[in-house]
Amino acid sequence: MAQWSRRLHALELKTKLTLLLLIIAVIPLAFLGTFSYRKASSEIQIKACEIILENLSQVNYSLTYFVKDIEQLSMYIYSNRDIQKILAKPSDRSMQEKYQDEQTVNQILKSFLGFKVWDIELYVLGENGDRYFTGDLLPNVYRDYNPNWGLIRKARMAGGSVVWDTNYSLKKMEDYGAVLSSGRQLKQVGSGLPLGYFVVNIMEPALAYKYDKAHQYPGGEVYLLDSNGYIISSLPYKQQVGTRLDKPYMTEVLQGKKGFFRNQVKDSQSDNMVIYDTSDTSGFKLVSVIPVNALTQESSSIRNLTIFIVLSGMLISYCLAYLLAEYITRPLRKLRLLMKDVEKGNLDVVFTSKYQDEVGHLGLSFNKMLQRIKHLIDQIYAKQLKVQEAELKAIQAQFTPHFLYNALDSINWMARIHRIETISNTAVALGELLRFSINRGHPIIQIREDLKQIHNYLKIQEVRYRDKIEVQLHIHEDILDLYVPKLLIQPIVENAISHGLEMKKGSGFLKIEGKRVDNWVQIIVEDNGVGIAQWKLATLAEDDSYISDREGKTGIGLSNLRRRLALHFGSSYQLGIESEVGVGTKVLLRIPVITHPSEVDTYV
């Protein structure tokens, strides 16, 4: 199962859509075809059974007329004057007279047999011992009949009415002889005295000929049964003639009058349909048993047509599904090819689509994303150029800082030799500042390291201004291990001293405060110097160049600081200036909390 799942996931979207659309189309088509075939097959079975039942009714109707003809024949014999007169004669009459009587009766019997094509045998059995018959031999049961035997007993008890009896004994394997007999007691018309019996034996072929047309399906069987379920005749197998039909469906057949039903057959590939009809006159039942598959053979053409339609529908569905999947996935494949071009470095591709669907919106998003990537690449490229330019300038400027650093080191040792501590400390602080400036290590350092350089800078300024400037430093411990770009705070402190406190008459104070505010590191540099005029503040908002009022001195402007902040943090920083002339200046700087130098790259 997992292997099939992996194979399914590996398929292309076009193949998946084709399979999905094909399944959606084929399943209803298969169900519809199966239902249609089953429904048509069922209707054909019902119609076939109705036709067979109608045929059985016609055959039974023919058998009823046959039975009525036999009854009319026996009635004619009963009322024939010659037969009445001959059977009333004594048994000891002359042989000449008996011979003449035999000729007369035989002539009468043969006239009936020649009138219709009947496969029957007629017997006239007189009480006076006379025996007349149409067959070749007189059966022993009729030579010396027993008045209490079967048919004779029934005829005697009927008192002159016609009775019917089934013969249950067979003579041969092929010749089944008489299978049905009709009997009537003959009585003298005037006195009602019994004269004898008239018996009609009906041969099995005579009955089989009547219902032979009912046997129309291969594998089917037809049975002619009496009211008790005994087989009078059957097709195609006759071995059961004279026995009671022992089948599971016999109970329903004997209880019903006419109809059809399905009978399940154990250990068989097909069930049977049982169709039966009952004669209202004789009570005989004509039963036709037909395999269901024989009935459904006529629906084979419908089955073949259904299979052809389903297969054709599957083929058409596959073609439509393939075309629809091709139509849906074509822009996606085009977009995938464009993405491969982008992977190879070609950013000048554009996805074009005339549709405003989900794929079209996806293509527009792809174009916008690609434009954004190109814009960011251009920005990074421009930044890299600026960085390289700054590094080049720094390399070019290294000669002077190195020379100055070596000179300051010499001054430091000369001051120590002459025991002048102030000059020595100033030289050391200035040397540290120079070493820090020419160090080309990582541009992102801990706040703790940056504060050391501010301390060195303030030491130098204390020597210069002595008691003119009072410095207050309030840096929270929780930000010392965080990171900032190198020399981020020092330019702000330098501006506060150079442009604010240096030109102030009298002493002043410089306050440096650092703390964490939510996800920001906040630095505030505040002084009570001369302040900045409002028009200069407006100019600083547009142009960061900060020019000193004193001739020959140029201060470190905020433009470089803002440019560095933008390079490192994009728009994720805050730099604000508040100032009032004669009161002082307050600079507020906020940058994101950086716990590792690599986090700076996430803001670019």
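Predicted model: local features only at pLDDT ≥ 70, side-chain atom pairs only at ≥ 80, totals over all residues.
1. Residues are numbered from 1 along each chain as its sequence is written, and side-chain values use heavy atoms, with hydrogens and water left out.

2. The protein chain has 17 helices and 17 strands, where helices (H or I, at least four residues) and strands (E, at least two) are DSSP runs numbered from the N terminus. Of its 604 residues, 41% count as buried, a term that stands for under 20% relative accessible area with a 1.4 Å probe and protein chains only. The protein chain exposes about 35,500 Å², of which carbon and sulfur atoms supply 55%, as given by the Shrake-Rupley method with a 1.4 Å probe. Among contacts (heavy atoms within 4.5 Å) with a separation of 6 or more, 62% join residues 24 or more positions apart.

3. Strand S6, residues 221–225, is mostly covered, with five of its five residues buried. Glu 221, Tyr 223 and Leu 225 point one way from S6, whereas Val 222 and Leu 224 point the other way.

4. S6 has antiparallel pairings with S10 (residues 285–291), over five bridges, and with S7 (residues 231–235), over four bridges; two strands pair if DSSP finds at least two bridges between them. Glu 221 stands opposite Val 289 in S10, and the bridge partner of Leu 224 in S7 is Ser 233. S6 and S7 also form a hairpin with five residues between them, and Gly 229 in the turn has a positive phi of about 95°.

5. There are two cavities of 30 Å³ or more, a cavity being a set of points, on a 1 Å grid over the protein atoms alone, where a 1.4 Å probe fits but cannot get out. The second largest cavity has a volume of about 50 Å³, volume being the space filled by probe spheres set on the points, which are joined across faces, edges and corners.

6. The lining of the second largest cavity (residues with an atom within 4 Å of a point) consists of Leu 458, Gln 461, Glu 462, Tyr 465, Arg 466, Ile 469, Val 471 and Ile 497. Helix H14 (447–465) and strand S12 (469–475) each supply at least two of the lining residues, and H14 gives the most, with four. By class, this lining has five nonpolar, one polar and two charged residues; Ala, Val, Leu, Ile, Met, Phe, Trp, Tyr, Cys and Pro count as nonpolar, Asp, Glu, Lys and Arg as charged, and the others, Gly among them, as polar.

Conventions
1 Å grid on protein atoms, 1.4 Å probe; cavity = no way out; pocket = protein on both sides within 12 Å on 5 of 7 lines; lining within 4 Å. Buried < 20%, exposed > 50% of the residue type's maximum accessible area, 1.4 Å probe, protein only.
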